[in-house]
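Subject: Structure handover

Hi,

Here is the structure I said I would pass on.

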Amino acid sequence: MGKRRRPLRRSSLSTASEERMQEAQKRHTEALKDPTLLTKITFTDRSDISSPTKRAVTEVLGLQQMTEIQAKTYAAVLSGRSVLGRARTGTGKTLAFLLPSIERLLAADLDLFKPGFSIGM
């Protein structure tokens, strides 16, 4: 039998979480120093993003310009095509996938969504 580990105390969890957040913020700050990261395309310029989504991205997340990976993949993901993208950490890959996926769900026929049936994006 292996050695049993004691559960982490709440203060240990908070400290670890804070350290991860600080490290992520540091990577993000470093990535923003790259002049090629951001494009001239703003989220508000895109006509294929709904107003509530634009407001959430700009006001809640505080983002104005799309990164290169977001600008290059948005239309393809929105149209339902498969996309394989590669970019370094902190460049917005998750948002590049989620934003058009959310827009597709918002525009979808809700009658298609029935309990027990899988519907892919």
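Read from one end of the sequence to the other, the protein chain runs α-β-α-β-α-α, which comes to 4 helices and 2 strands. Helices here are DSSP runs of H or I with at least four residues, strands are runs of E with at least two, and both are numbered from the N terminus.

Before you dig in: this is a predicted model, where local features need pLDDT of at least 70 and side-chain atom pairs count only at pLDDT 80 or more, while totals for chains, interfaces and linings use all residues. Residues are numbered from 1 along each chain as its sequence is written, and side-chain values use heavy atoms, with hydrogens and water left out.

Some totals for the protein chain. Of its 121 residues, 22% count as buried (under 20% relative accessible area; exposed is over 50% and partly exposed in between, with a 1.4 Å probe and protein chains only). The accessible surface is about 9,700 Å², and 56% of that belongs to carbon and sulfur atoms (Shrake-Rupley method, 1.4 Å probe; for residues, only the protein chains shown count as cover). Taking contacts (heavy atoms within 4.5 Å) between residues at least 6 apart in sequence, 57% join residues at least 24 apart.

Now the inside. The largest nonpolar core has 8 residues: Phe43, Ile49, Val57, Met66, Ala71, Tyr74, Leu95 and Leu99. A core here is a set of buried Ala, Val, Leu, Ile, Met, Phe, Trp, Tyr and Cys residues joined through side-chain atoms within 4.5 Å. The elements giving two or more residues to this core are α3 (68–78) and α4 (93–107). Leu99, for one, is in contact with Phe43, Ile49, Thr53, Val57 and Tyr74, leaving aside neighbours within four places in sequence.

How do α3 and α4 pack? Their axes are 9 Å apart, at an angle of about 30° (lines fitted to C-alpha atoms over the stretch in contact, with angles from 0 to 180 degrees between N-to-C directions). The two helices are therefore roughly parallel, a label for angles under 35 degrees. On the α3 side, the residues making the contact include Ile69, Thr73 and Tyr74, and on the α4 side they include Leu95, Phe97 and Leu99.

Last, Ala87, which sits in the loop between α3 and α4. Ala87 is partly exposed, at 29% relative accessibility. Not counting residues up to four places away in sequence, Ala87 touches Ile69 and Lys93. Its C-alpha atom is 9.0 Å from that of Glu68, 19 residues away along the chain.

Cheers

Conventions: Parallel < 35°, antiparallel > 145°, perpendicular 65-115°, else oblique.
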